[in-house]
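Biologist: I would like a close look at one part of this chain, and then at how other parts pack together. Please go step by step and name the residues involved.

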Amino acid sequence: MKETTSGRIILCNDLPREIEYQSMHIKEEFLRIFDCDEFKIEDAHEVIAQAYIASAEPKTIIIAANAYNHFAQNALLKILEEPPSNIRFVLIGKNKTSFLPTIRSRLPLEDKRKKIAFRDLELDLKNLSLKSIYDFLKSLESEKSPTREITKEKIQSLLFMIKKNGIFLDELELKSFDEALLANQNYQKDVYIFLPLLLMVLQKIKIAKNFKR
């Protein structure tokens, strides 16, 4: 797959600030910004239409979103690989997993994120049980419309807690966290996201305890 130098992917914590930074020193007539919570297929079609509008000078198209729909990303594949003349794309997101591998293969990636100090969830992994899992899931249900960003941070916090407690996860088990992040992007309920993760952790803990006996 050939790599194009006519754009990049940028990972950052603050999307509005990065949009402002990337827009500096670009004349308004040579700048298009698509700033949305979720980048959808209709947004992709508009981006493509804008990219094919002839420009005498280099034009920058900035796309910034908390989530990128898979169909929308697939619609952009060809134009990212073979962009029209004088077109530069800047895709901004908060997480590498927001972008399909095929998208990441077409644009260089710059990670500008600052490390976040994750707060522990209200779970004691050393004494994890079916009851504590049930209580935690009930607390999730009582929350009023948590944002996908908050849920993503909780998923990452759980992974951080697992590492901190010395619980080893193999490649397949780590992949389940990528799948949980994807499920969150697809609006799956928090309860259904965390239940399989916590049951997996409980099973790991039981196996480790039995092995020590």
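Modeller: Asn184 counts as buried because its relative accessibility is 5%, and the cut-off for buried is under 20%. Keep in mind that the model is predicted. Asn184 is part of helix α7, which covers residues 171–185. Which residues is Asn184 in contact with, leaving aside its neighbours within four places in sequence? They are Arg148, Thr151, Lys152, Ile155 and Ile193.

Next come the aromatic rings. A pair of such rings is described by how far apart the centres are and by the angle of the planes. There are 3 aromatic pairs in the structure. One of them joins Phe39 and Tyr68, with 5.7 Å from centre to centre and 45° between the planes, and it is tilted. This pair links distant parts of the chain, since Phe39 sits in strand β2 (residues 31–39) and Tyr68 in strand β3 (residues 59–68), 29 residues apart. Both Phe39 and Tyr68 are buried.

Tyr68 also pairs with Phe99. Here the centres are 4.6 Å apart and the planes make an angle of 45°, so this pair is tilted. Again distant parts of the chain are linked: Tyr68 belongs to strand β3, while Phe99 is found in the loop between β4 (87–93) and α4 (101–104), 31 residues apart. Phe99 is buried, as is Tyr68. Taken together, Phe39, Tyr68 and Phe99 make up one aromatic cluster.

The crossing of α2 and α3 is right-handed.

Which residues make the contact between these helices? From α2 come Ile41, Ala44, Val47, Ile48 and Ala51. From α3 come Phe71, Ala72, Ala75, Leu76 and Ile79. Sorted by class, the contact of α2 with α3 has 10 nonpolar residues, with no polar and no charged ones.

Methods. Residues are numbered from 1 along each chain as its sequence is written. This is a predicted model: local features need pLDDT of at least 70, side-chain atom pairs count only at pLDDT 80 or more; totals for chains, interfaces and linings use all residues. Side-chain values use heavy atoms; hydrogens and water are left out. Rings of Phe, Tyr and Trp (its six-membered ring) pair if their centres lie within 6.5 Å; planes under 30 degrees apart count as stacked, over 60 as edge-to-face and the rest as tilted. Helices (H or I, at least four residues) and strands (E, at least two) are DSSP runs, numbered from the N terminus. Buried means under 20% relative accessible area, exposed over 50%, partly exposed in between (1.4 Å probe, protein chains only). Contact means heavy atoms within 4.5 Å. A crossing is left-handed if the near helix is turned anticlockwise from the far one by less than a right angle, and right-handed if clockwise. Ala, Val, Leu, Ile, Met, Phe, Trp, Tyr, Cys and Pro count as nonpolar, Asp, Glu, Lys and Arg as charged, and the others, Gly among them, as polar.
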